[in-house]
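Q: Please take a close look at a single part of this structure. Describe where it sits and what surrounds it.

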Amino acid sequence: MKNVCKMVVVVCMALLMSCNSEVSLQEYFVDHKEDADFIAIDLPASLLDKKSVELSDDEKEALESVKKINFLGLQRTDMNQAKIDEESGAINKILNTEQYQTLMKFGFDGVNIVLKYQGDDEVMDEVIVFATHHEKGLALIRVLGDDMKPEKISKLMQSVRKGNLDLDAFKQIGEVINM
């Protein structure tokens, strides 16, 4: 009987220690999808019209490696600045954990954007785009894929930022959040 009690205690302790109280990015998306203040969109990669845009080989490979895109946006109103600050802090807390590496940071026209990724230097499992604008709100984009290469995704994002690459799916997201 003592052995059974010891075994139960050990198992309970192991379960408690394995529980992580920190919210993952996926949990954040799931928790906020049903929040009426947020705009939530899930896009399969098939909605990205890859044939109507001119792509370099690197950009084409980067775009082909994308499998799914999750979007979560919170538009700023006169009444929700505190919520935007709170949510921005929560997102930054998640993104500043060891599991995410910074790919690049940039800003333009009042928008601050941080690109992070999960994976290693050779292949990424997901790319995160977190954008904030003090007047318009925040946007969080999670790009899931297979064999995504950091340097090629970076080139693709630079083309999008410079306006060299016009992807209607991303344009529609931008119109929704009005960023």
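A: With a relative accessibility of 22%, K83 counts as partly exposed, a class that lies between buried (under 20% relative accessible area) and exposed (over 50%), computed with a 1.4 Å probe on protein chains only. The model is predicted, so local features need pLDDT of at least 70 and side-chain atom pairs pLDDT 80 or more, while totals for chains, interfaces and linings use all residues. Residues are numbered from 1 along each chain as its sequence is written, and side-chain values use heavy atoms, without hydrogens and water.

The side chain of K83 meets that of D35 in a salt bridge, 2.9 Å from N to O; the term covers a side-chain nitrogen of Lys or Arg within 4 Å of a carboxyl oxygen of Asp or Glu. This pair links distant parts of the chain, since K83 belongs to helix α4 and D35 to the loop between α2 and β1, 48 residues apart. Helices (H or I, at least four residues) and strands (E, at least two) are DSSP runs, numbered from the N terminus. D35 is also partly exposed, at 23% relative accessibility.

Helix α4 covers residues 81–95, which makes 15 residues. From first C-alpha to last it reaches 21 Å, close to the 21 Å expected at 1.5 Å a residue, where the expected span is 1.5 Å times one less than the number of residues. Its buried residues are I84, E87, S88, I91, I94 and L95. Down the axis of α4 they fall within an arc of 120 degrees, so they line one face of the helix; the arc is taken from the directions from the helix axis to the C-beta atoms. Turned away from that buried side are the exposed residues A82, E86 and K93.

The buried residues of α4 pack against α2 (25–33) and against strands β1, β2 (66–75), β4, β5 (124–133) and β6 (137–148). These strands belong to an open sheet of 6, in the order β1-β2-β6-β5-β4-β3, with antiparallel pairing; two strands pair if DSSP finds at least two bridges between them. Its edge strands are β1 (38–44) and β3 (101–108), each pairing on one side only.

N80 counts as buried, at 10% relative accessibility. Apart from neighbours within four places in sequence, N80 is in contact (heavy atoms within 4.5 Å) with L74 and Q75.
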